[in-house]
Structure formats: C-alpha cells, structure tokens
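Welcome, and please have your viewer ready. We will go from one selection to the next and say what is there each time.

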Amino acid sequence: MKQANVKVPILDIHLSSYLSLQGIEPELTKQGTRVVFEFPSIPVVTKLTRAYNENPSVKILDFVHHLRKLRSQMLNAR
C-alpha cells in the first residue's frame, strides 16, 4: 500500500531554488524555528537532486530570481 501525499523535506535553500527553477514548487512548513521546503516524493525530484549535486550549468539570473523568491517566502513564513 502506497502512502498518499508523501513529501521530501529539504532544508537547503539552494537545492530548493534549483528544483523551483526546474518547475517543481515547494510547500513551506514551519518546524520549530526552521522553515522546511517540502517537495512531492516523485522520481523527478530524486533525478534533479542528483543533477544538482553534479554541479550543472544554469542561467544565473533565473537561479537568483528563484533563490530570492524562496528566501522571501521563507522569511514571511517565520
């Protein structure tokens, strides 16, 4: 039996920005004093996480835009 709505918690804002840049938006949840980025547990997230760890080339302005957007959302969630 599969669990419905399983989420992958990620604390790294840079990895979260990369996933957001690739079109997978996180759900922000507060755990204590931290804000956690939760992504759906799908194979694409695992594949993109591996790609991120291999240091891919990305358009820097697009990446910074997503980074600033997530940072703003994170600070608003606190």
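Start by selecting A51 and showing its neighbours: leaving out residues up to four places away in sequence, A51 touches Y18 and P56, where contact means heavy atoms within 4.5 Å. Before going on, please note that this is a predicted model, in which local features need pLDDT of at least 70 and side-chain atom pairs count only at pLDDT 80 or more, while totals for chains, interfaces and linings use all residues. Residues are numbered from 1 along each chain as its sequence is written, and side-chain values use heavy atoms, with hydrogens and water left out.

Keep A51 and Y18 on screen and draw a C-alpha to C-alpha distance: the two are 9.8 Å apart in space and 33 residues apart in sequence. A51 belongs to helix α2, residues 43-53. Helices (H or I, at least four residues) and strands (E, at least two) are DSSP runs, numbered from the N terminus.

Next, select helix α3, residues 60-77. At 1.5 Å a residue its 18 residues should span 26 Å, and its end C-alpha atoms are 25 Å apart, which agrees; the expected span is 1.5 Å times one less than the number of residues.

Now colour F63, H66, L67, L70 and M74, the buried residues of α3. Looking down the helix axis, you will find them within an arc of 105°, so they line one face of α3; the arc is that of the directions from the helix axis to the C-beta atoms. What covers the buried residues? Select α1 (13-21), β2 (27-31) and β3 (34-40), which are among the covering elements.

Finally, zoom out to the whole protein. Its pattern along the sequence is β-α-β-β-α-α, with 3 helices and 3 strands. The radius of gyration is 13 Å, close to the 12 Å that the globule rule gives for 78 residues, so the protein is as compact as a globular protein of that length. That radius is taken over C-alpha atoms, and the rule is 2.2 Å times the number of residues to the power 0.38. Of the 78 residues, 28% count as buried.

Note on methods:
Buried means under 20% relative accessible area, exposed over 50%, partly exposed in between (1.4 Å probe, protein chains only).
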